[in-house]
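Subject: A structure for you to explore

Hi there,

Here is the structure I promised to pass on to you. Have a look around it first, then read my notes below.

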Amino acid sequence: MSITQTLIMEHEQDDDGKAKRTGNVWTATTHIITVVVGAGVLALAWAMAQLGWIAGIASILTFASISIFTYSLVADCYRFPDPITGKRNYTYMQAVKSYLGGTMQVICGLILYGKLAGITVGYTITSSTSLAEINKVVCVHRKGLEADCSTSYNPYMIGFGILQIFLSQIPNFHKLTWISTIAAITSFGYVFIAVGLCLTVLISGKGASTSITGTQIGPELTAAEKVWRVCTSMGNIALASTYATVIYDIMDTLKSHPAENKQMKRANVIGVSTMTMIFLLCSCLGYAAFGDHTPGNIFFGFYEPYWIVAIGEVCIVIHMIGAYQVMAQPFFRVVEMGANIAWPDSKFINQDYSFNVCGATIKLNLFRLIWRTIFVILATILAMAMPFFNQFLALLGAIGFGPLVVFFPIQMHIAQKRIPVLSLRWCALQLLNCLCMVVSLAAIVASIHEISENIHKYKIFAYKQ
């Protein structure tokens, strides 16, 4: 090989030998916004209604500010030990291992993949409730508000689960970028449809009365219930501002110059700030439109124009179909990698069988077929047992925010900068850490309490709306 060819190859490769990355601040910003816009946005109006104008707006701004700060710490830990010239960490767990050791990596992995598994249940609930709501909206349009248009979520959940069983068998689903693109477009679609519907209510002068303290304590709401709802709403807000699970995937697309951490910090500020404005728009308009009676999913408050509401619900379903696999595939892969390591000689686990179907070659792995099918079935059964949109999303948000968005970034930063124990900066960081963990724990307890209350209130597997 000539010197010229060698120089050309080096020019086309990054420092880790991989193809030269070409991402920049704006592509990273786009990725952040695409990931953050999700089902959690639909619950923000309900969260605002529980907290009121002052606490609601302050909470959204506070969570966003904390996220911007801690994600900047995570960006500095993309390389180890030096944030500019060190070795790359390709995943969040790899960074935790580099800075905090193997034990913390295991704990991080349990939380991270546990949340990913939980999100599949949340997405099953979200999609099935949206499908049921389409049926309800059409029914109300035809028969009127007085008609009984309630329907069970179970058939929709079963149908969604069957679809996901088939999609789960695609071994390289994460490479089907067009699926992610469609999911991203539809996510923006339903957000802006919801904003437009809320604006229509307000412009027509039909907005509800609101309060600076949120839902009012009275015959319909006890003080204890108010506290539980406030804590649950914190989990909803936390979920909306989380993208820790994919931050290093985004950073791994960035070119090396200027330094990745500097580009990511800028993208983080622009992306989270943009999303915060969208969050405030959705939550404030939703609360202004419905007041104390703001529904858990903002779309559930609208019946007309029925075709626009139906389009919004369809957008949610399409987004959930793609997003389910985006979240499930990493969980599938880590289990399958573990099985490969544990039983390297097992044909059941490692051997692929090829079949020709209509001229196309399909590779089937028995372990993948059985394990992924069982997982989707279990996720569907869990969703059918407790199809409570707000409470389940709040639980997921609370589980992820304290550890993944705050605790691990702060501990990695302390280890990287070798901040002395009990120094002023160390104490300030640990205080932030403790406060966020307390909020997360409160939201977890409240969400579990609300789910438990609903399970006792409604007959299991027989919930209708």
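The protein chain has 15 helices and four strands (DSSP runs, H or I of at least four residues for helices and E of at least two for strands, numbered from the N terminus). Its radius of gyration is 23 Å, close to the 23 Å that the globule rule gives for 465 residues, so the chain is as compact as a globular protein of that length. That radius is taken over C-alpha atoms, and the rule is 2.2 Å times the number of residues to the power 0.38.

Two notes on the source: this is a predicted model, where local features need pLDDT of at least 70, side-chain atom pairs count only at pLDDT 80 or more, and totals for chains, interfaces and linings use all residues. Residues are numbered from 1 along each chain as its sequence is written, and side-chain values use heavy atoms, leaving out hydrogens and water.

**The inside**

Of the 465 residues, 51% count as buried (under 20% relative accessible area; exposed is over 50%, and partly exposed is in between, with a 1.4 Å probe and protein chains only). Among contacts (heavy atoms within 4.5 Å) between residues at least 6 apart in sequence, 80% join residues at least 24 apart.

The largest nonpolar core has 122 residues. Such a core is a set of buried Ala, Val, Leu, Ile, Met, Phe, Trp, Tyr and Cys residues joined through side-chain atoms within 4.5 Å. Helix α3 (residues 44-76) gives the largest share of this core, 14 residues. Among the residues with the most contacts inside the core are Y243, I298 and F299. Beyond its neighbours within four places in sequence, F299 touches residues including L42, Y190, L197 and I316.

I125 is another residue to look up, in helix α5 (residues 102-143). I125 is buried, with a relative accessible area of 0%. Again leaving aside neighbours within four places in sequence, its contacts include M157, A383 and F392.

**A pocket**

The second largest pocket holds about 1,000 Å³ of space. A pocket here is an open set of points on a 1 Å grid over the protein atoms alone, where a 1.4 Å probe fits, with protein on both sides within 12 Å along at least five of seven lines; lining residues have an atom within 4 Å of a point. Points are joined across faces, edges and corners, and the volume is the space filled by probe spheres set on them.

The lining divides into 12 nonpolar, 14 polar and seven charged residues (Ala, Val, Leu, Ile, Met, Phe, Trp, Tyr, Cys and Pro are nonpolar, Asp, Glu, Lys and Arg charged, and the others, Gly among them, polar).

**Backbone details**

Most residues other than glycine have a negative phi, and most peptide bonds are trans. A cis bond joins H257 and P258, with omega about -5 degrees, and P258 sits in the loop between α9 (247-251) and α10 (260-290). The bond from E304 to P305 is also cis, with omega near -10 degrees.

R418, not a glycine, has a positive phi of about 50 degrees, and L422 has one near 70 degrees. R418 counts as exposed at 74% relative accessibility, and L422 at 64%.

Happy exploring!
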